[in-house]
Amino acid sequence: MNIFLKLFITFSKIGIFNFGGGYAMLSLIQNEAVVKNGWLTNAEFADIVAISQSTPGPIGINAATYVGYTSVMNEGYSQGLAVVGAVLASLSVIWLPFILMIAISRYIMSHKDSKAIKDVFRGLRPTIVGLIGAAALLLMTSENFGSPAENPYLFALSIAIFFASFYLTGFRKANPILVMLVCGVLGIIFY
Amino acid sequence: MLFKFFMVCNKIGAFTLGGGFAMIPIMEREFVDKYHWLDKQEFVDILLVAQTTPGIFAVDMASHIGYKLKGVRGGIVGAIGIALPSIIAITVIAMFFQNFKDNIWVEKFFKGVRPAVVALIAAPCFRLAQKANLNRYTFWIPIVSCLLIWLLGVSPILIILAAGVGGFLYGRYETRRGTDNQKEDRR
């Protein structure tokens, strides 16, 4: 089968079966691109993970773009067609969930005043605080902060960055983008 | 207005670092505080829907908001707007900078950003709590869901589904009690 058709089918599947956010999507992509189709080697996939994480943008889109590009290149096509593969893979990830989301939005908006929808959301709302709290706790790892045993100076710096950003974005309404950029520059200077 | 929406989505897509939840404060700032395209309660609602549906969280959010603003066309503009900066940046990196990730400056930059991203995720916790329908009967819900996800590895989707079903059933229970009372009133 044509590589482009395969990319389309594979990434459509990855898009619609991804329920767990970006990191869960990476494992789906690994299974399809490395194990099943052999488009990439494991080392190439590790590169993709590193690049998707160290580049802005949703991790799922980043990884799809990179896999689309690399797999078409590995099949021996030109760079121009590889760019087509990159765009195709990214759009394939999006389109099915998009249709689903529009259908749900349409339903919610036309039934906004129905009692059932209101009840469902009344039940949902309290969970948001727990969901966000858990997401933050799960990210408090040595990968993100360093560890005091390994390098106490850098660990202290990470903690300081965390609390300063927390205060500024949480209580001072500082621009989150600006905060991230400043922290990145601090990283370049101090790490 | 659609163009402005597109540019805002571009900005959000370009600055999403470390997964979807980190852009909640950015989305809140742009969509709710700055442009008033939706209110805070709606923002929380749609956040939960986007988290439950498959696909990429940021794209789902933008699709819904775009749809609300300008129908299907708006939805497409939102989805493409979020994805476009990624597609361009990654394609350029794949073409020219195979050793991008080994660059020492990039590595240092992201070491500085990572703790800030965790803070960005933690911060809305308190602000959204005000719109989260919390009172002395429901305050245990976020605590229990947080512990289930964090310590027992329960999927957030299961928590959301359970809460939705719970809300629906409680509503039915309330209605039934209400109509029973009305019947008795009529008698």
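This is a predicted model: local features need pLDDT of at least 70, side-chain atom pairs count only at pLDDT 80 or more; totals for chains, interfaces and linings use all residues.
Between chain A and chain B, about 8400 Å² of area is buried, and carbon and sulfur atoms give 77% of that area; buried area here is the accessible area (1.4 Å probe) that two parts lose on being put together, summed over both. Met101(A), Arg125(A) and Met180(A) supply 8% of what chain A buries against chain B, more than any other three residues.

Residues are numbered from 1 along each chain as its sequence is written, chains are lettered from A in the order in which they are written, and side-chain values use heavy atoms, with hydrogens and water left out.

The contact (heavy atoms within 4.5 Å) takes 87 residues from chain A and 100 residues from chain B.

Which charged groups meet here? Three salt bridges cross the interface, each defined as a side-chain nitrogen of Lys or Arg within 4 Å of a carboxyl oxygen of Asp or Glu. One of them joins Arg122(A) to Glu174(B), at 3.0 Å from N to O. On the side of chain A that touches chain B, helix α5 (residues 79-110) gives the most, with 18 residues; helices are DSSP runs (H or I, at least four residues), numbered from the N terminus.

Finally, the largest cavity has a volume of about 50 Å³; a cavity is a set of points on a 1 Å grid over the protein atoms alone where a 1.4 Å probe fits but cannot get out, and lining residues have an atom within 4 Å of a point. The lining includes Phe98(A) and Asp60(B), and α5(A) provides its largest share, four residues.

Note on methods:
Helices (H or I, at least four residues) and strands (E, at least two) are DSSP runs, numbered from the N terminus. On a 1 Å grid over the protein atoms alone, a cavity is a set of points where a 1.4 Å probe fits but cannot get out, and a pocket is an open set with protein on both sides within 12 Å along at least five of seven lines; lining residues have an atom within 4 Å of a point. Grid points are joined across faces, edges and corners, and a volume is the space filled by probe spheres set on the points.
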